[in-house]
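Please look over the sequence and the model below before reading on.

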Amino acid sequence: MSAPQSHEQRPLRPLPKLIFASRWLQMPLYLGLILAQAVYVFHFWVELVHLIEAAFGNQHALEMLVKSIGYTQVPKLNETVIMLVVLGLIDVVMISNLLIMVIVGGYETFVSRMDLDGHPDQPEWLSHVNASVLKVKLATAIIGISSIHLLKTFINADNYSEKVLLWQTAIHVAFLFSAMAIAYTDRLLQPTQRH
């Protein structure tokens, strides 16, 4: 008489196997986000090249920068334009970081293990990521991105109506409270582990 198989060794029945395998349908979504990140990298370099060209006096590059930031016409590169362009570049980097968190964290959490334990390039945050931690990290990243947008709007406030300024501030505050609520709910549901 053979010993009963342990739970780990028993093969899945067809329906649970199909349901479990359906997690791979997310793969095209993550690949799509990787392509979106490539677009952001391209956009970053285009803006950076325009900034460098404008710094050396290229009038066409300056016009492209002014148009991209929605600023008023300026005869030459000034500190405000530089600040708005740099904030735009920081915004692209933060969105790229958000994409990495979603791609790597989502794949690791919902699709399959990446077996990065011991790898020298393993991100520190990935070792303790789960769906709940990922939600909090994403919420804080969105607040950072919203902060950059709000700062860009305030620096360029002359080109916006008071209504737009108020709405952007209200939306940022809503993001802030949402992130705090997510973090608080997560803390209530999972008691903190003491080190």
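**Helix α5 and its surroundings**

Helix α5, which covers residues 131-155, has 25 residues and reaches 36 Å from its first C-alpha to its last, close to the 36 Å expected at 1.5 Å a residue (the expected span being 1.5 Å times one less than the number of residues). Helices here are DSSP runs of H or I with at least four residues, numbered from the N terminus. This is a predicted model, in which local features need pLDDT of at least 70 and side-chain atom pairs count only at pLDDT 80 or more, while totals for chains, interfaces and linings use all residues. Residues are numbered from 1 along each chain as its sequence is written, and side-chain values use heavy atoms, with hydrogens and water left out.

Among the buried residues of α5 are V133, L134, I143, S146, I148 and L150, where buried means under 20% relative accessible area (1.4 Å probe, protein chains only). What covers the buried residues of α5 includes α4 (79-111) and α6 (162-189). In helix α6 lies H172, which is buried because its relative accessible area is 13%. Leaving aside residues up to four places away in sequence, H172 touches I143, S146, S147 and L150, a contact being heavy atoms within 4.5 Å.

The largest nonpolar core has eleven residues, including L51, L62, I69, V74 and V81; such a core is a set of buried Ala, Val, Leu, Ile, Met, Phe, Trp, Tyr and Cys residues joined through side-chain atoms within 4.5 Å. Two or more residues of this core come from each of α2 (27-55), α3 (59-69) and α4, and the largest share, five residues, comes from α3. V81 touches I69, Y71 and V74, again not counting residues up to four places away in sequence.

Terms used:
Buried < 20%, exposed > 50% of the residue type's maximum accessible area, 1.4 Å probe, protein only.
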